[in-house]
Number of protein chains: 2
Amino acid sequence: MKNAFYAQSGGVTAVINASACGVIETARKHRNKIGKVYAGRHGILGALTEDMIDTSKESRAAISALRHTPGGAFGSARYKLAGLDKNRAQYARLIDIFRAHDIGYFFYNGGNDSMDTAQKVSEIAVQMSYPITCVGIPKTVDNDLPVTDCCPGFGSAAKYIAISTREAALDVASMARTSTKVFVLEVMGRHAGWMAAAGGLAGEKAGDAPHIILFPEITFDRELFLAKVKLCVQKYGYCVVVVSEGVRGPDGKFLAEAGTKDAFGHAQLGGVGPVVAQMTQQAWGFKFHWAVADYLQRSARHIASKVDVNQAYAVGKAAVELALKGRNAVMPVIVRKSSKPYRWAIGEAPLSAIANQEKKVPRNFITADGFGITAACRNYLSPLIGGEDYPPYRNGLPSYVSLKGVSVVKRLRTPFVV
Amino acid sequence: MKNAFYAQSGGVTAVINASACGVIETARKHRNKIGKVYAGRHGILGALTEDMIDTSKESRAAISALRHTPGGAFGSARYKLAGLDKNRAQYARLIDIFRAHDIGYFFYNGGNDSMDTAQKVSEIAVQMSYPITCVGIPKTVDNDLPVTDCCPGFGSAAKYIAISTREAALDVASMARTSTKVFVLEVMGRHAGWMAAAGGLAGEKAGDAPHIILFPEITFDRELFLAKVKLCVQKYGYCVVVVSEGVRGPDGKFLAEAGTKDAFGHAQLGGVGPVVAQMTQQAWGFKFHWAVADYLQRSARHIASKVDVNQAYAVGKAAVELALKGRNAVMPVIVRKSSKPYRWAIGEAPLSAIANQEKKVPRNFITADGFGITAACRNYLSPLIGGEDYPPYRNGLPSYVSLKGVSVVKRLRTPFVV
């Protein structure tokens, strides 16, 4: 009976711990087949440095509470393993660790890069004749993994952005007569505009905010943008803009980089939100406000999508079940069965089909003028923000769990410098 | 039987419509004493320009839904009436409007400035021998009105800030090993640090985020701040900062203004959040992230404090009851009976005691080093974020009401230019 290794990788989400919960609870149901689940402290670094948490020391209640706790309970890492040919020592070290701790299952919870890592681990295990079953678990607010219909983490960020846009728009609408005319909300999504698109769900009929969405998939056109802002202010009295941090100008540079410099000549501090807001003031004299959601949008467990929480748990559970069936180098995916009513199931895909791919917002999801979402996009996005899954509260605040985090005793004599 | 006039003034909140709901529902219960409630479109401008909404045309369900709808349903205005001596014509115009529409009750829902206006209206009514009962209704996320223990609108913004701080901190803690070390959340509060203080509720034990709060009440000391950031990163691995937009340096200038200039020499786009975040990178090389909550914090009805919603409704209701008792030039206030358990009641105060006053965070609510909140502050703040009051949802989004907004037929022949 082998132990399992689980790690969180890359930017965390409001529901990545729900996947961890799915992994651990499911493993505990198969005590006859899986021994202990060791979680890497700070992702793959935890394996490389033999710094692991023994999840068997955590109570059933604590593991259950992971389902409603945002962030990465075991610590995550932005650390990409080099290619097999470039840093074979890293992969060999992983195998050493697995061997020392009798680990037969490798669960890696992350995005594109992480699936690449998981695949390489499975390859080197074969080369080094160490039997291990590697299963990826999808996670990313960016929603940019291929094959899977959506990515756990995205639905909750999308719900947060749609709600925030709707709420802030009501505020601006109240004030526009004598004060703010333009409100800009900056959201994440460096390469793909899924989160920006989610802002579009805030509006349901013509004239509703947001009036303009700026996608990384559409080259920013200053004149068209300014003309549309002016038109909206004339027509509705105000204009709400949702802008992706990844928007680029015709020169291919991020708009956020095109802005100001400080007294030392360093690149400007603000993001793209303040840049486009300021633009409207310079052109038309409109008073503006802007917000940058940043980490708030990917940690807002208080308003997580129930669908997203369920899917995050389901992919964690499915990963263990796939591993127990001996499926190697695969990742559970979300398969959409129907949109209205929304029905989904868990499928699987080879890691090779997922690794290093990026799914952008398709052109037919963006309106002809490049500033809004189409009915097809709405049809795709709407189910993903469905349902609320409120965490428990104590003293007016969500009661999030802190794990004991008991370390696994080290067995290797050699340290490893990362 | 006289009609009533109601208007929303200044920056709106997540619960100002709950006060409107309290006013209208209570007035409807006294149909034998109060005729119709006319709401000014865009605050006092609606009175000056005879642009009013007849709330009697709204269904019971629509008025009830105001309780869970953020923003200002009738439109608000940032418009301060001049002093009586300076623009007597404005006040005379108000009396003309009241006379034309048989208005005997004036309910003004706002902050310090608004209470000043309400008081002046009551004075000129006496001078012009027009009998009207003027009652203020407190509202401000800034929590800076005197006499009242707290201000409706603040509790919900405070809850949003405390939750956002807690959630983002979990995210940062996960990532700190290989990525972001410093996270800065910028909150509102130009003159008083109540909202910044609310961020302090996110932490419950030593070492919990936020590690640093920057108050407008404490002059910013760059060296002390940077030293504390470094200490936190060394001790905890990361540092979470909540900064009030109103923080000033030793020169008395807003820190937000001390930042960058754009290519045209205009003042920098970013707020104080990016300024202090960047500072830590320049000094220590820490990778940072920052968020600016802006309107999101004062419109976040999805996570409103139940206590706040109840109090907002209660002051609206009490305003009508005070008016019916003939109390003039007063404002209902929140009176704290006890903190543990939290018990409160509605009292009243003369408008003259409220107008143009500003209640800042007292020094004994701020820790000796100027970077945190004391137990006394926590004791004061904690009950105000108590309880959740979730709005209804449809398709994954809060279902907020849009009123029909039927205009009252104009009776005056002369327009009024504001």
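**Domains, a helix and a chain contact**

Q: Which domains does the assignment give for chain A?
A: This is a predicted model, where local features need pLDDT of at least 70, side-chain atom pairs count only at pLDDT 80 or more, and totals for chains, interfaces and linings use all residues. Residues are numbered from 1 along each chain as its sequence is written, and chains are lettered from A and ligands numbered from 1 in the order in which they are written. The bounds come from an automatic or database domain assignment. For chain A it gives domain 1 (2-140 + 303-357 + 389-398) and domain 2 (154-299).

Q: How many residues does domain 2 of chain A put into the contact with domain 1 of chain A?
A: The C-alpha centres of the two domains of chain A lie 34 Å apart. Residues are in contact here if their C-beta atoms, placed from the backbone, lie within 7 Å. By that rule domain 1 of chain A gives twelve residues, and domain 2 of chain A gives eight residues.

Q: Which element gives the largest share of the side of chain A that touches chain B?
A: Between the chains, 65 residues of chain A are in contact with 65 residues of chain B. Helices (H or I, at least four residues) and strands (E, at least two) are DSSP runs, numbered from the N terminus, and those giving two or more residues on the chain A side are α6 (154-175), α9 (272-284), β9 (288-292), α10 (295-299) and β13 (397-398). The largest share, 13 residues, comes from α6(A).

Q: What distance does α9(A) reach from its first C-alpha to its last?
A: The expected span is 1.5 Å times one less than the number of residues. With 13 residues, α9(A) is expected to span 18 Å, and its reach is close to that: 18 Å.

Q: Which elements do the buried residues of α9(A) pack against?
A: Buried means 20 or more other C-beta atoms within 10 Å of a residue's own (12 or fewer is exposed, in between is partly exposed), with C-beta atoms placed from the backbone. Among the buried residues of α9(A) are Val272(A), Pro274(A) and Met279(A). The buried set packs against chain A's β6 (182-187), β7 (212-214), α8 (222-236), β8 (239-244) and β9.

Q: Which residues of α9(A) make the contact with α8(A)?
A: From α8(A) come Leu226(A), Val229(A) and Lys230(A). Taking both helices, the contact divides into five nonpolar, one polar and one charged. The α9(A) part is Met279(A), Thr280(A), Ala283(A) and Trp284(A).

Q: Is Ile34(A) buried or exposed?
A: Ile34(A) sits in strand β2 (residues 34-40) of chain A. Because it has 22 other C-beta atoms within 10 Å, Ile34(A) is buried.

Note on methods:
Contact = placed C-beta atoms within 7 Å. Nonpolar A, V, L, I, M, F, W, Y, C, P; charged D, E, K, R; others polar.
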